[in-house]
Amino acid sequence: MGPTKVIVKSNALHDVKTGRLIQAGLATRKQQQDYAMHHYIVLPVLDNVGQLWSLEGKFVYCLRGTRYETSDDEVVHLTRCHDCGGMCISADGPTVERDCMRCIQCGHEFEARLEMMES
């Protein structure tokens, strides 16, 4: 059982599954993030310009820094684009030899394993 996944509507946090109000009066992203850090909730992932990540109509959430899940708890193989902060998906499907990722926003392609080894 992971943290409660929330969505922002009219400066308030709502449970993404039930729509139940969790906290109102959080006007800025900073206030929302501060609230999330002190409570067992997670906000959806945003790119560098503030667009929500969405996969097949479902919001995407980052858990523990590297694990991505959709709003219905499906674990997905994604990573963040270094250029635009967008959602990168597997270009060829994961393989043992190569794991090529492609950003769906800017088209940047990179090899995930090579990127991890360089950093």
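Two strands pair if DSSP finds at least two bridges between them. Strands (E, at least two residues) and helices (H or I, at least four) are DSSP runs, numbered from the N terminus. With that in hand, β11 and strand β12 (residues 109-111) pair in the antiparallel sense over three bridges.

A word on the source: this is a predicted model, in which local features need pLDDT of at least 70, side-chain atom pairs count only at pLDDT 80 or more, and totals for chains, interfaces and linings use all residues. Residues are numbered from 1 along each chain as its sequence is written, and side-chain values use heavy atoms, leaving out hydrogens and water.

The protein chain holds two helices and twelve strands. Of its 119 residues, 34% are buried (under 20% relative accessible area, with a 1.4 Å probe and protein chains only).

**The strands around β11**

Strand β10 (residues 87-90) also runs antiparallel to β11 (residues 100-103), joined by three bridges. Met101 takes part in both pairings, as the table shows.

| Residue | Bridge partner |
|---|---|
| Ser90 | Met101, in β11 |
| Met101 | Phe110, in β12 |

Five residues lie between the strands in the hairpin of β11 and β12, where Gly107 takes a positive phi near 85 degrees.

**A look at His14**

His14 sits in strand β2 (residues 12-15). Is this residue buried or exposed? His14 counts as buried because its relative accessibility is 15%. A polar atom of its side chain lies 3.2 Å from the backbone oxygen of Gly19. Beyond its neighbours within four places in sequence, His14 is in contact (heavy atoms within 4.5 Å) with residues including Lys5, Val6, Arg20 and Leu21.

Methods: Buried < 20%, exposed > 50% of the residue type's maximum accessible area, 1.4 Å probe, protein only. Polar contact = N/O pair within 3.5 Å; in protein donor to acceptor, adjacent residues only side chain to side chain.
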